[in-house]
Amino acid sequence: MRTITRAIELRRVLAEARAPDRRIGFVPTMGCLHQGHMALVDESRASCDATVVSIFVNPTQFGPKEDLTTYPRDFLRDEQLCRDAGVDIVFVPEAQEVYPPQFDTFIEPGALAQSLCGTFRPRHFRGVATVVCKLFNMVQPDVAFFGQKDFQQCAVLRRMSVDLNLPIEIVTVPTVREPDGLAMSSRNRYLSAPERNRAQAISRGLLAAKAAFREGERDPIRLLSIVRHPLEALDELQYLEIVDAETLEPATNPLSRPVAICAAGYVGSTRLIDNVVLDPDAACR
């Protein structure tokens, strides 16, 4: 495994690995890796000939009162996890490598970025789309892997790739959960033991709705009510919505297309997001 900090070196090394019959897989992360990230790596290694993992805490996707300075970082552990998982290259750029002096060009996502998290983090997806596009240009992968936990982010990045004619396949990997059901997240480290117990309310409500859907429930209002009751354990519920899985517009009643039930809220000072995807024409994912 090679650890690289400069884009020019990354391109040189990948040029040696690239060939018409070889696929480059890419897993963008902000570090503090967990088994959710490793599931993305596993998917990449299973379908690609080389896997690149980036570790970069992107300042442009944090709001002025968010946790940029305290976001958990553990590079030595991250590097070892990548080595053990068979990653070929870890790309760890400095901030000035990604945003050089006088940087002044951003990608502005459209309607997909306006609802859900976009309502409460109005410039978040602007930063996400910009940094991911820049990383795509640096790595030039054939396939990029993202976790379903960040459902809206996946939708925004798929649309960006189509709209900007980026020759990259976007693969969404199912959410990896802790044994207690909590969706794996680097921010779970912030939770105290009592807070963690209350945080399980999100997955408990979502998974209960998923079970009801499997039993035939198709009324979005009833499904939301199943989720809402456990969420009373949260300190603040920012949103709970059931949306079309492609457009993120409010789901129709009765459900006839794939939808996502998405939730976000605070336990203590920690903001958590989660979702389940429901497909009327197939088993729940």
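Predicted model: local features only at pLDDT ≥ 70, side-chain atom pairs only at ≥ 80, totals over all residues.
Figure 1. Phe103 has a relative accessible area of 24% and is partly exposed. The ring centres of Tyr99 and Phe103 lie 5.1 Å apart, and their planes meet at 75°, so this pair is edge-to-face. Planes over 60 degrees apart are counted in that class.

**Figure 2. A cluster of aromatic rings.** Tyr99 and Phe103 belong to a cluster, linked by ring pairs, that also includes Phe56 and Phe106. The ring of Phe106 has the charged end of Arg126 sitting over it, 3.8 Å from the ring centre.

**Figure 3. The pair formed by Phe62 and Tyr71.** A search of the whole structure finds six aromatic pairs. One of them joins Phe62 and Tyr71, with 5.9 Å from centre to centre and 80° between the planes, an edge-to-face arrangement. Both Phe62 and Tyr71 are buried.

**Figure 4. Arg218 over the ring of Phe213.** Arg218 lies over the face of Phe213, at 3.8 Å from the ring centre.

**Figure 5. Ser185 and its surroundings.** Ser185 is located in the loop that runs between strand E6 (169-173) and helix H8 (193-214). The relative accessible area of Ser185 is 17%, so this residue is buried. When residues up to four places away in sequence are not counted, Ser185 touches His34 and Lys149.

Notes:
Residues numbered from 1 in each chain as written. Heavy atoms only, no water. Phe/Tyr/Trp six-rings, centres within 6.5 Å; stacked < 30°, edge-to-face > 60°. Buried < 20%, exposed > 50% of the residue type's maximum accessible area, 1.4 Å probe, protein only. Lys NZ or Arg CZ within 6 Å of the ring centre and 35° of its normal. Helix = DSSP H or I, 4+ residues; strand = E, 2+ residues; numbered from the N terminus. Contact = heavy atoms within 4.5 Å.
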